[in-house]
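Subject: A structure for you to explore

Hi there,

Here is the structure I promised to pass on to you. Please open it and keep it beside you as you read my notes.

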Amino acid sequence: GLHGVNTAGNNMSIVMEALSEAELVTKGDGGVQNLLRLERPLMDLLSADDPEVRDAAYKLLFRLAVQHSDAAKRLSRKHAASMVAQNSEVQQSAIKHAPEIAHLCAAAAPEIMRQLLRLARQNHEGASAELLRAARSGLAFHCLQAK
């Protein structure tokens, strides 16, 4: 280590800096290849302590999933585990990003909606709002597709 300099907050700023860099190297040509290389560590960051780090990791993994259907399936499996995580903050992030996962991996959508409904019935924070958001955006998406 760096002789006790690495407090948790300091580590998180280093991680956030790395994620900002990752965002730059995953744009444009070769971006998908770079994202594929970063997929495993990004998946690990979905259960990081810091919500900012989790959000940034989700954002980059969404970018990959849009362009890579196998990655979308892997993300949806990781997300399913996060939806039932013991760590309530990790679960909260999963709930927050559930509508996007439902769009990126249509096969997972019914199970995601069931999970959100179950959590909403338990008055779980944010679940009702995300269930509504997922339903609304899903309807809007299908209306656009039908035109």
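Accessible areas here come from the Shrake-Rupley method with a 1.4 Å probe, and for residues only the protein chains shown count as cover. By that method, the protein chain has an accessible surface of about 8,800 Å², and carbon and sulfur atoms hold 57% of that surface.

Before going further, please note that this is a predicted model, in which local features need pLDDT of at least 70 and side-chain atom pairs count only at pLDDT 80 or more, while totals for chains, interfaces and linings use all residues. Residues are numbered from 1 along each chain as its sequence is written, and side-chain values use heavy atoms, with hydrogens and water left out.

**The overall fold**

The protein chain has seven helices and zero strands (both are DSSP runs, numbered from the N terminus: helices are H or I with at least four residues, strands are E with at least two). Along the sequence the pattern reads α-α-α-α-α-α-α. Of the 147 residues in the protein chain, 35% are buried (under 20% relative accessible area; exposed means over 50%, and partly exposed is in between, with a 1.4 Å probe and protein chains only). Contact means heavy atoms within 4.5 Å. Among contacts between residues at least 6 apart in sequence, 60% join residues at least 24 apart.

**The core**

A nonpolar core is a set of buried Ala, Val, Leu, Ile, Met, Phe, Trp, Tyr and Cys residues joined through side-chain atoms within 4.5 Å. The largest one has 36 residues, and L42, L46, L75, M83, I112 and L116 touch the most other members. Each of α1 (8–25), α2 (31–45), α3, α4 (69–83), α5 (88–104), α6 (109–121) and α7 (127–146) supplies at least two residues of this core. The most comes from α3, which gives nine. Leaving out residues up to four places away in sequence, M83 touches Q91, A94, I95, A98, I112, Q115, L116 and L119.

**Inside α3**

How many aromatic pairs does a search of the whole structure find? It finds one. The rings of Y58 and F62 have centres 5.8 Å apart and planes at 40°, so this pair is tilted (rings of Phe, Tyr and Trp, its six-membered ring, pair if their centres lie within 6.5 Å; planes under 30 degrees apart count as stacked, over 60 as edge-to-face and the rest as tilted). Both residues lie in helix α3 (residues 51–67), four residues apart, or about one turn of the helix. Y58 is buried at a relative accessible area of 0%, and F62 is buried at 13%.

R54 is also placed in helix α3, and R54 counts as buried at 3% relative accessibility.

With 13 residues, α6 reaches 18 Å from its first C-alpha to its last, close to the 18 Å expected (1.5 Å times one less than its number of residues). Its buried residues include I112, L116 and L119.

N123 lies in the loop between α6 and α7 and is exposed, with a relative accessible area of 70%. Its phi is near 55°, a positive value in a residue other than glycine. Most residues other than glycine have a negative phi.

Happy exploring!
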